[in-house]
Amino acid sequence: MLFLKRLCVRSWHRIKKGPGYGYAELFHWYCDNTNTHGPKRLIIEGPKKKAMWGLLTITFACLVFWNWGVLIQTYLSWGVSVSLSVGFSSLAFPAVTICNSNPFKYSRIKPLLNELDGFAASLLERIYIYSQSGTLPDPLLDTTSRNATGQNLLWYHLPLVIIDETDGDNPVIINILGPNNLTSTNGTTAGYPIPPRRYKVAFELCNASGSDCFYKNFSSSLEAVKEWYTLHYLNIMLRIPLAEKAAMGYSGKDLILTCFFGGIACDYTNFTQIYHPSYGNCYIFNWGLDGNVAVSSNPGVGFGLQLVVDVNQEEYIPFLATSAGVRFLLHDQKTFPFVETMGIYALVGTVTSVEILVDEVMRMEQPYGTCTADGSDVPVNNLYSSYNLSYSMQSCLWSCFQAQMVKRC
């Protein structure tokens, strides 16, 4: 209290005295009243010791200020500590999504695809004829033809063309379903065999006036026809209500013949059914939407999920499915299964085993990092929010892609 009283009195004298009370007198007062060793000796020691103590005082004052700066910088960086531990415990078994690679039963969808199947078969036949003779039969389509709804036939608006590069300086573009611009060579000229034709099959994508066109080439004719077929097939199926599409697909009872988890029998009723745009009906085991999550305590096939599935290959859509099997994906609970981009194929007639190693990384949100905790602060409309699922990077990427595609296209 005495020291505080003396400090207040001297401060009051300083205010009353005004500018006459100089910095030298203030410095002398500080050195005379401070508890630290260095400054006090700056006014009571001789010249040599004053120099030594002055150097020491400045040096240690700089160290103190530097330490303060480090502490403040560390605090403002919101640093985190990482601890690693190795142990053995029960783990939540991942969610498993399984889909037939063929989305619909052909017997149920065939009436919708009769016309498309006919054009696909004609495409393959006409491409083969062109490769042998260098010409095409009469056109299958007329630009003025219309379907029952009054719209121009979509087959014509997304034409599949042949780009003949036999004459490299003058390539010829031919609509495979449209009129032929070449004449038949009958395989010989002046008694000499005709050299094989060099051509590519491509999509022709043009603007509304047809003045600016882009051509997407394919490595093989079969790949081009399959891609052409897939686009038209998707356009047909987009017009079908979701409930009808689900009824055309494979039921859980049809797909899953036997099921065992941890040596205990299960069946298709233990799976959650969802509709996938590319694979039709898919079934998810241990999705965790009801709060119940299966756990696994031991490694090995006998302690995991074992399935025997029937893909019903005779019901595959001819021009759509080029291989028979199922596509499956292991993922976290309460996350949407992106089977098309991240799934694994299991072919028919084989036994497929999958062993996983869990490596869990939890990234901190603001202010510790640039990540998000639950996606609520991400300025993208989550397309998968209707499933009441957890945020995932894939759902954010696909939602953002969809928003940009709608915005630009």
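Me: Among contacts in the chain between residues at least 6 apart in sequence, what percentage joins residues at least 24 apart, and what makes two residues a contact?

Reply: The percentage is 64%. A contact requires heavy atoms within 4.5 Å. The model is a predicted one, in which local features need pLDDT of at least 70 and side-chain atom pairs count only at pLDDT 80 or more, whereas totals for chains, interfaces and linings use all residues. Residues are numbered from 1 along each chain as its sequence is written, and side-chain values use heavy atoms, with hydrogens and water left out.

Me: What makes Tyr-229 and Phe-319 an aromatic pair, and how is its geometry named?

Reply: Rings of Phe, Tyr and Trp (its six-membered ring) pair if their centres lie within 6.5 Å; planes under 30 degrees apart are stacked, over 60 edge-to-face, and the rest tilted. Here the centres are 5.5 Å apart and the planes form an angle of 40°, so the pair qualifies and is tilted. Tyr-229 belongs to helix H7 and Phe-319 to the loop between strand S14 (305-309) and strand S15 (325-331), 90 residues apart; helices (H or I, at least four residues) and strands (E, at least two) are DSSP runs, numbered from the N terminus.

Me: How do you know that the pair of Phe-336 and Tyr-384 is tilted, and which parts does this pair tie together?

Reply: The distance is 4.7 Å centre to centre and the angle is 35°, so the tilted class applies. Phe-336 lies in the loop between S15 and helix H10 (339-342), and Tyr-384 in the loop between strand S16 (344-347) and helix H11 (393-408), so parts 48 residues apart in sequence are tied together. Phe-336 and Tyr-384 are both buried.

Me: How do you know that the charged end of Arg-327 sits over the ring of Tyr-345?

Reply: The rule asks for NZ of Lys or CZ of Arg within 6 Å of the ring centre and within 35 degrees of the ring normal. The charged end of Arg-327 is 4.6 Å from the centre of the Tyr-345 ring and is listed as sitting over that ring.

Me: How many aromatic pairs are there by the ring rule, and which residues form one aromatic cluster?

Reply: The count comes to 14 aromatic pairs. Phe-93, Phe-261, Phe-271 and Phe-285 form one cluster.

Note on methods
Buried means under 20% relative accessible area, exposed over 50%, partly exposed in between (1.4 Å probe, protein chains only).
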